[in-house]
Amino acid sequence: MESRLQIGLDREALERTAVKYHFAAAGAGLDGGEIQKIYEILHRNADCRAVWTLDEEKREASVVVTLGVRVDALQEKYGREGLLTEGYLTDCLCRELLKKGYKALEDMLRERFGLYAERYLFPGQNLALEKLEQIFSSLGESVPVRLLPGGVLLPRQSVAYLLRLSADERTGCADICAQCGKCEAGTDTPGCRRTSV
């Protein structure tokens, strides 16, 4: 199934992103107005889509989220023009937008099926890279992202992952934590909704 996701970053999220990626530091070369301007250009070009399939028996979803080909073209334009800071900031903002896409899909699955995201499994991080082929094969032919050799995805601002789901809200993740060993071991951690079992 394919879903267009309405996502964005508000002023507070942009400020947090500027601090997180060190654009807020003195001498970084960009002020808040310039960051806002670059974000607005990115947002006009982003077309966030999720393609997913749900295995209700396993309580697992195979997912691909992408920001679309126009974002790649925008980053290539920055590179050709030598605007490396703008290109890097765009890349950082894309990461934050993709996270918003994960959350939007998570919210949709909760509303439609009463299932909560329990764990995100990313090939190459906490899942074997070879699982990418399995994810793509389960999604069929209509995926707007191509899987190239070596696990490369096109458009580049795309992510494929498995999402473990639960009907129990208490086991739901508070945030995307690809390698949350503490939660898996049953230890409570600050900011995590999961409780010890």
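R4 has R49 as its bridge partner in strand β2. This belongs to the antiparallel pairing of strand β1 (residues 2–4) with strand β2 (residues 49–55), which spans 3 bridges. Two strands pair if DSSP finds at least two bridges between them, and strands (E, at least two residues) and helices (H or I, at least four) are DSSP runs, numbered from the N terminus. The model is predicted: local features need pLDDT of at least 70, side-chain atom pairs count only at pLDDT 80 or more, and totals for chains, interfaces and linings use all residues. Residues are numbered from 1 along each chain as its sequence is written, and side-chain values use heavy atoms, leaving out hydrogens and water.

Stay with R49 for a moment: in β3, its bridge partner is T66. Strand β3 (residues 60–66) runs antiparallel to β2, joined by 7 bridges. The two form a hairpin with 4 residues between them, and R59 in the turn has a positive phi of about 55°.

Now to the aromatic rings. The whole structure holds 8 aromatic pairs, counting rings of Phe, Tyr and Trp (its six-membered ring) with centres within 6.5 Å; planes under 30 degrees apart are stacked, over 60 edge-to-face and the rest tilted. Y120 and Y161 make a tilted pair, because their centres are 5.4 Å apart and their planes at 40°. Y120 sits in strand β4 (residues 116–121) and Y161 in strand β7 (residues 158–166), 41 residues apart. Y161 is buried at 0% relative accessible area, where buried means under 20%, exposed over 50% and partly exposed in between (1.4 Å probe, protein chains only). Ring pairs link Y102, Y120, F122 and Y161 into a cluster.
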